Amino acid sequence: MINFLIGAGILACAILAVRENRLLVSALWLALTSALVSFLMYRVGAAEVAVVELSVGAGLVTVLFVFAINIIGNESVASQAPLPRPLAWVAIVLGGLLLAWMILPSMQLERFTAVLEQQGELAGLFRSVLWTDRSVDSLLQVVLIFSGVLAVLGLIGGEEGLESKEEKQG
Amino acid sequence: MIFSLPNIAIVVVLGLFGVGLYGVLISRNLIKVVVGLQIAVKGALVAFVLAGRLSSQVDVGQSLALTVIVADTIVAVVALALAVQVRRKFGTLDIPSLTSLRR
């Protein structure tokens, strides 16, 4: 029952985040979606990633959203969609069908409970998998974090740079 | 059985992907497009973790999900920085207005 409530809560928060016109409220609904997704991950058995998702997805990303919205102002845009809504719905249904077609044949639900039972034996391998088998991913993450730092510098320092340029020209 | 955890997780994956895609396609605001993208990627995260669990390779699934979280965060940071710069330069975040602006 609690799994059903978590799933329904995730979908409700995601829909409210998309439908909300005020940007700040939309960012807060997104944070709540992240928190519930991390809870679902914990229920599935991925505790390590759930912690990272809770701290990064619900924490850091929300702070960045609020910071950016604070800079640009809570601008509300007319609700008329740039794309015809029926066309968007057709794209969503086609995408969902394609995803279901790819996911469902690979589902072997009877294995799920057996794997959950040996959860204790599987614990502790995450560190070795991350640092040895997937070491290229770790390198990629370092590069991505570096580019993220550059983007934050652009986010913070853009206006000062423009002002100093204008002062020099003046 | 219909409310078992794998079934719910699959519904959540499909639902998050659909809602995120709807947000990307329908929103006129650049920030709302980033919100839609974030929601769709959260569906991918749940799918990675669930696939890892179902194939008895939960650590590989978690490792891939961790990489996706980092990449997704950087995408959000870069997109927000671009949105701020666009707002400063053109004075709007409305996508149809931006496509017709010249500078």
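Colleague: Helix 1 of chain A passes helix 2 of chain B: is the crossing left-handed or right-handed?
Modeller: Helix 1 of chain A makes a left-handed crossing there with helix 2 of chain B; left-handed means the near helix is turned anticlockwise from the far one by less than a right angle. Helices here are DSSP runs of H or I, at least four residues, numbered from the N terminus.

Colleague: Which residues make that contact?
Modeller: On the side of helix 1 of chain A, they are A14(A), A17(A), V18(A) and R19(A). Helix 2 of chain B supplies K32(B), V35(B) and I39(B). Contact means heavy atoms within 4.5 Å.

Colleague: Before I go on, what is this model?
Modeller: It is predicted: local features need pLDDT of at least 70 and side-chain atom pairs pLDDT 80 or more, while totals for chains, interfaces and linings use all residues. Residues are numbered from 1 along each chain as its sequence is written, chains are lettered from A and ligands numbered from 1 in the order written, and side-chain values use heavy atoms, without hydrogens and water.

Colleague: Back to the pair. At roughly what angle do the axes of helix 1 of chain A and helix 2 of chain B cross?
Modeller: Roughly 165°, and the axes of helix 1 (residues 2–19) of chain A and helix 2 (residues 30–54) of chain B come within 9 Å. That angle makes helix 1 of chain A roughly antiparallel to helix 2 of chain B, the cut-off being over 145 degrees. Axes are fitted to C-alpha atoms over the stretch in contact, and angles run from 0 to 180 degrees between N-to-C directions.

Colleague: And helix 2 with helix 3, both of chain B: how do their axes cross?
Modeller: Helix 2 of chain B and helix 3 (residues 58–90) of chain B cross at roughly 175°, their axes coming within 8 Å. So helix 2 of chain B is roughly antiparallel to helix 3 of chain B.

Colleague: What does Q38(B) touch?
Modeller: Not counting residues up to four places away in sequence, Q38(B) touches L30(A), V61(A) and F65(A) from chain A, plus D72(B) and A76(B) from chain B. Q38(B) sits in helix 2 of chain B.

Colleague: Is Q38(B) buried or exposed?
Modeller: Q38(B) counts as buried because its relative accessibility is 2%. Buried is under 20% relative accessible area, exposed over 50% and partly exposed in between, with a 1.4 Å probe and protein chains only.

Colleague: Now chain A. How many helices and strands?
Modeller: Chain A has 8 helices and 0 strands. Of its 170 residues, 37% count as buried. Among contacts in chain A between residues at least 6 apart in sequence, 54% join residues at least 24 apart.

Colleague: How do helix 1 and helix 2 of chain A pack?
Modeller: Helix 1 of chain A and helix 2 (residues 23–44) of chain A pack at about 155°, with axes 8 Å apart. They are therefore roughly antiparallel. The crossing of helix 1 of chain A and helix 2 of chain A is left-handed. The contact includes I6(A), I10(A) and C13(A) of helix 1 of chain A, and W29(A), L36(A) and F39(A) of helix 2 of chain A.

Colleague: Where is A35(A)?
Modeller: A35(A) is in helix 2 of chain A. With a relative accessible area of 25%, A35(A) is partly exposed. Leaving aside neighbours within four places in sequence, A35(A) is in contact with L54(A) and A58(A).

Colleague: And how far apart are A35(A) and G9(A)?
Modeller: A35(A) and G9(A) are 10 Å apart, C-alpha to C-alpha, and 26 residues apart in sequence.

Terms used
Helices (H or I, at least four residues) and strands (E, at least two) are DSSP runs, numbered from the N terminus. Angles under 35 degrees count as roughly parallel, over 145 as roughly antiparallel, 65 to 115 as roughly perpendicular and the rest as oblique.
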